[in-house]
Amino acid sequence: MTDDQFDGNACDGAHDGYDAAGAQESHESTANATWSRMLAGNRRFAEGKAEHPWQDPQTRESLIDRQNPDAAVLSCADSRVSPEIVFDAGLGDLFTIRTAGQIVDDAVIASLEYAVDKLHVSLIAVMGHESCAAIDLGARELDAMIAAATDDADCSIEAADQMADLDERIAASDSIILREAGMSVWQAREAELDDHADFERVHIARTIEEIVMRSEVIQDALAHDRLMIVGARYQLESGKVEVLSF
Ligand SMILES: [Zn+2]
């Protein structure tokens, strides 16, 4: 199926006319079709051709008693990164969870599990973005921790010791920004990636790893091919979503 065929239908999986066809597809092809529709919506948005589908009173009324979203999206809370707008989606299309830096906590995991277990979404999209302030803050808190660790050391050997267990110190921090975004920056630098965009990409990859690691519901859905997880990085300048492969 080409993306062009999705034009005009937008993210219509939650709406009449899709379910009958969808029921015959495997979960994997359903997830792929959902992701293709979302990316087609993103292209419309980036080109200034957004259709703003499924936002009319009839759609609202049709969804009073039910919802059947295609995908869950975990994205940054940044005001410029609204998933429904970026993917040109409508009411009932996306189950959206947003925190600064798309940082994962118990509430995020519980929300994703609800989407997978109760709403039967076939796709989770984890979406970071260009110029993410939460990543900046994580980098600043990391630098402050490194500066404090090396300043406290009496000699270069002690300073090296402090740096050797830095990942444990980050993991034990009271700051969730440092534990999550700061750890991503640290791991990116350890892999000799110094570009801010790479910090964002590493953080998206680590966020997906964390979601899988923390949730047996999600592990089970992945093991039984009921779920696909994709990583994406929204680019403020172009309006396009960069699809990440890991
Ligand atoms: Zn952000």
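**Before you start**

The model is predicted: local features need pLDDT of at least 70, side-chain atom pairs count only at pLDDT 80 or more, and totals for chains, interfaces and linings use all residues. Residues are numbered from 1 along each chain as its sequence is written.

**Stop 1: helix α6**

Select residues 133–152. This is α6, a helix of 20 residues. (Helices are DSSP runs of H or I, at least four residues; strands are runs of E, at least two; both are numbered from the N terminus.) From first C-alpha to last, α6 reaches 28 Å, close to the 28 Å expected at 1.5 Å a residue. The expected span is 1.5 Å times one less than the number of residues.

Now colour A134, I135, G138, A139 and L142. These residues of α6 are buried. (Buried means 20 or more other C-beta atoms within 10 Å of the residue's own, exposed means 12 or fewer, and partly exposed lies in between; C-beta atoms are placed from the backbone.) Look down the axis of α6: its buried residues fall within an arc of 140°, so they line one face. The arc is that of the directions from the helix axis to the C-beta atoms. An α-helix has 3.6 residues a turn, so residues three or four places apart point the same way.

What do the buried residues of α6 pack against? Show β1 (71–76), α8 (166–171), α9 (176–190) and α10 (196–214).

Turn to the face of α6 away from its buried side. Exposed residues there are D143, A147, A148, D151 and D152. Pick A148: it has 12 C-beta neighbours inside 10 Å, so it counts as exposed. Its C-alpha lies 9.7 Å from that of Q162, 14 residues apart along the chain.

**Stop 2: helix α10**

Select α10. Its 19 residues should span 27 Å at 1.5 Å a residue, and its end C-alpha atoms are 27 Å apart, which agrees. Its buried residues include F199, H203 and I211.

**Stop 3: the annotated site**

Zoom in on D78, in the loop between β1 and α4 (83–86). With 20 C-beta neighbours inside 10 Å, D78 counts as buried.

Finish at H129, in strand β3 (residues 123–129). H129 is buried, with 25 other C-beta atoms within 10 Å.

Definitions and conventions. Contact = placed C-beta atoms within 7 Å.
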